[in-house]
Amino acid sequence: MTLYQFLFYVFASSAVLSAIRVVSVKNPVHAALFLVLTFFSTALVWILMEAEFLGIVLLLVYVGAVMVLFLFVVMMLDINLAPLREGFVRNLPVGVFVALVMVIELGLVVGAHSFGLGVYPAPAPAPAETANTLALGSVLYTDFVYPFEIAAFILLVAIVAAIVLAHRKRDGVLYQNIDAQVRVRRDDRLRIVSMPASRPVVADADVGEKQA
């Protein structure tokens with residue numbers, strides 16, 4: 001077994017195991033960290049297969065944008081995250097483990113080429129006129145155009161569902177009413193109260209001192 005095959009099995013196994021942990025752990029913070037590891041391992045597998053465009057897009061779009069969307073969804077679902085924030089030290093080992101695995105995988109993929117070590121032979125070079133984006137676009141918009149449109153429709157439904165969940169009425173939550181704020185009058189916010197003037201009350205001890 002060559003080192004190239006060994007790295008493929010390592011990254012593929014890491015992606016599968018972390019994906020299983022995403023749906024098996026109870027802590028949403030741990031699930032998010034394992035999901036990041038799944039995306040990262042999958043991106044490295046694509047880079048090994050000379051699909052650099054897909055690997056970079058997976059890191060930029062999914063890790064950088066989709067994970068942020070997941071955090072917004074968690075916030076809109078009113079999950080009690082106070083105990084999770086208090087347990088930062090408890091969650092720290094999992095975060096450190098995921099970070100170390102990502103660093104090791106990244107070093108195994110780009111370290112040997114960057115420093116000229118030549119640990120494992122490079123795959124056969126593709127022709128000069130080959131472009132990942134051109135090949136991906138031609139296949140995506142010809143052979144898989146219907147699945148692509150279905151995926152776009154599913155994302156649209158997800159956006160509408162997120163908006164509905166965010167604007168649902170809940171007890172004990174204050175909402176901002178822009179129309180009521182615009183139509184507010186002075187009498188609604190200010191009330192003038194007439195109070196009779198009163199003489200200051202002097203203590204008996206102070207009166208006795210003044211008479212003396």
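Let's start with helix H1, residues 3–24. Its 22 residues, at 1.5 Å each, should span 32 Å, and the end C-alpha atoms sit 31 Å apart, which agrees. The expected span here is 1.5 Å times one less than the number of residues. Helices are DSSP runs of H or I with at least four residues, strands are runs of E with at least two, and both are numbered from the N terminus.

A word on provenance. This is a predicted model, where local features need pLDDT of at least 70, side-chain atom pairs count only at pLDDT 80 or more, and totals for chains, interfaces and linings use all residues. Residues are numbered from 1 along each chain as its sequence is written, and side-chain values use heavy atoms, with hydrogens and water left out.

Back to H1. Which of its residues are buried? Leu7, Phe11, Ser14, Ala15 and Ser18. Buried means under 20% relative accessible area, exposed means over 50%, and partly exposed is in between, with a 1.4 Å probe and protein chains only. Those five cover an arc of only 100 degrees around the axis, which puts them on the same side of H1. The arc is taken from the directions from the helix axis to the C-beta atoms. An α-helix has 3.6 residues a turn, so residues three or four places apart point the same way. On the other side of H1, Leu17 and Val23 are exposed.

Take one of the buried residues, serine 18. It lies in helix H1. Serine 18 counts as buried because its relative accessibility is 2%. Setting aside neighbours within four places in sequence, serine 18 is in contact with Phe34, Leu37 and Thr38. Contact means heavy atoms within 4.5 Å.

Now the partner side. Threonine 38 belongs to helix H2, residues 28–48. Its relative accessible area is 10%, so threonine 38 is buried. With neighbours within four places left aside, threonine 38 contacts Ala15, Ser18, Ala19 and Val22.

How does H2 do on the span check? It has 21 residues, which at 1.5 Å a residue should span 30 Å; the end C-alpha atoms are 30 Å apart, which agrees. Just after H2, glutamate 50 takes a positive phi of about 65 degrees.

Between H1 and H2 there is a loop, and valine 25 is in it. Valine 25 counts as buried, because its relative accessibility is 16%. Not counting residues up to four places away in sequence, valine 25 touches His30, Ala31 and Phe34.

Next, the core. The largest nonpolar core has 20 residues, and those with the most contacts inside it are Phe11, Leu37, Phe39, Met67, Val98 and Met102. Two or more residues each come from H1, H2, helix H3 (52–76) and helix H5 (88–114). H2 gives the largest share, eleven residues. By nonpolar core I mean buried Ala, Val, Leu, Ile, Met, Phe, Trp, Tyr and Cys residues joined through side-chain atoms within 4.5 Å. Methionine 67 touches Ala32, Leu35, Val36, Phe39 and Tyr62, residues up to four places away in sequence not counted.

Last, the whole chain. It has ten helices and zero strands. Of its 212 residues, 18% count as buried. Among contacts between residues at least 6 apart in sequence, 64% join residues at least 24 apart. The chain exposes about 16400 Å², and carbon and sulfur atoms supply 69% of that. Areas come from the Shrake-Rupley method with a 1.4 Å probe; for residues, only the protein chains shown count as cover.
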